[in-house]
Amino acid sequence: MSATRRSPVKHQPKGVTVIHEDRDIIVVEKPSGLLTMGTDRDKSRTVHAILNDYVRKGDPRSRNRVYIVHRLDRDTSGILILAKSEPAKIFLQGHWQETDKRYLTVVHGSLVPKAGTISSYLAENSAFTVFSTPDTALGKLSHTEYTVLKEGRGFSLLEIHLLTGRKHQIRVQLSEKGHPVVGDRKYGKVNDGYGTLALHARSISFTHPVSGKRLTFATGIPDFVSRLVGKLEVPAA
């Protein structure tokens, strides 16, 4: 399937954009500021709740529901896959290493080299802050591949190929490299003046859990890119 083609969706749920839907999966674009699913500490409106309402079509007695396959941080925008059955979820999670995930991000400064892979063992402390550690028993090995697409105004636009999927991985590893993501209030510069996290899950390629076909979906270039580094044409994923 083309990376830019979107299946027609007659009815859009309020709060997210459905890119593709069939009997087995829903692919949506999540805005920044919305949780993927609730946590013990935060029960606010979520993608999970919005899409459960959507597939139930207003009938609270309906047994239809969606299943979380993966997550994006609250302040990260972009593409999410959700399953419409438990077998579909299990298949997608079981084949997650074969899923190709690409992000766009704008960071502070100029990277050297202009392309490479950041690798470190990531762990999380009791304050829910993720950090790199030399202790291989404590941390999980994490790899983030990056390519600089454009530089200017003290910023760099990167394409990220996420090789592993740890919590806050991109944000932590870029920050520790000295190039925090613009607008990152947790791992970035204190009060850098930008209220939106400049991190967007732009494309995803995966195997459909029933048809076995390889599907690829991509979004447009987010507004934060042109605001920070000017207009840019990024080839389809």
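This is a predicted model: local features need pLDDT of at least 70, side-chain atom pairs count only at pLDDT 80 or more; totals for chains, interfaces and linings use all residues.
Helices (H or I, at least four residues) and strands (E, at least two) are DSSP runs, numbered from the N terminus.

Strand 5 has pairing partners, where two strands pair if DSSP finds at least two bridges between them. With strand 9, residues 155-162, strand 5 pairs in the antiparallel sense over seven bridges, and Thr-105 stands opposite Leu-158 of strand 9. With strand 10, residues 199-207, strand 5 also runs antiparallel, joined by six bridges. Here Tyr-103 stands opposite Ala-201, and Leu-104 has His-200 as its bridge partner. In a regular strand the side chains alternate between the two faces of the sheet.

Strand 10 itself is mostly covered, with nine of its nine residues buried. Two bridges join strand 10 to strand 4, residues 77-83, and these two strands run parallel; Gly-78 stands opposite Ala-201. Strand 10 also pairs with strand 11, residues 214-218, in the antiparallel sense over five bridges, and Thr-207 has Arg-214 in strand 11 as its bridge partner. Strands 10 and 11 form a hairpin with six residues between them, and Gly-212 in the turn has a positive phi of about 80 degrees.

Helix 3, residues 169-176, is mostly covered, since six of its eight residues are buried, among them Ile-170, Val-172 and Leu-174. The buried residues of helix 3 pack against strands 5, 6, 7, 8, 9 and 10, where contact means heavy atoms within 4.5 Å. Helix 1, residues 47-56, is mostly covered as well, with seven of its ten residues buried, including Ile-50, Leu-51 and Tyr-54. The buried residues of helix 1 pack against strands 1, 2, 3 and 4, and just after helix 1, Lys-57 takes a positive phi of about 55 degrees.

What does the space between the atoms look like? A search of the whole structure finds one cavity of 30 Å³ or more, and about 50 Å³ of space lies in the largest cavity. On a 1 Å grid over the protein atoms alone, a cavity is a set of points where a 1.4 Å probe fits but cannot get out, and lining residues have an atom within 4 Å of a point; grid points are joined across faces, edges and corners, and a volume is the space filled by probe spheres set on the points. The lining includes Tyr-103 and Ala-201, and strand 5 and strand 10 each supply at least two of its residues.

Rings of Phe, Tyr and Trp (its six-membered ring) pair if their centres lie within 6.5 Å, with planes under 30 degrees apart counted as stacked, over 60 as edge-to-face and the rest as tilted. A search of the whole structure finds two aromatic pairs. In one of them, the rings of Phe-155 and Tyr-194 have their centres 5.8 Å apart and their planes at 80 degrees, so the pair is edge-to-face. Phe-155 lies in strand 9 and Tyr-194 in the loop between helix 3 and strand 10, so the pair ties together parts that are 39 residues apart in sequence. Phe-155 is buried, with a relative accessible area of 8%, whereas Tyr-194 counts as partly exposed at 35%.

Finally, Leu-141 has its place in strand 8, residues 140-152, and is partly exposed, with a relative accessible area of 35%. Leaving aside neighbours within four places in sequence, Leu-141 is in contact with Ser-120, Tyr-121, Thr-164 and Arg-166.

Key:
Residues are numbered from 1 along each chain as its sequence is written. Side-chain values use heavy atoms; hydrogens and water are left out. Buried means under 20% relative accessible area, exposed over 50%, partly exposed in between (1.4 Å probe, protein chains only). On a 1 Å grid over the protein atoms alone, a cavity is a set of points where a 1.4 Å probe fits but cannot get out, and a pocket is an open set with protein on both sides within 12 Å along at least five of seven lines; lining residues have an atom within 4 Å of a point.
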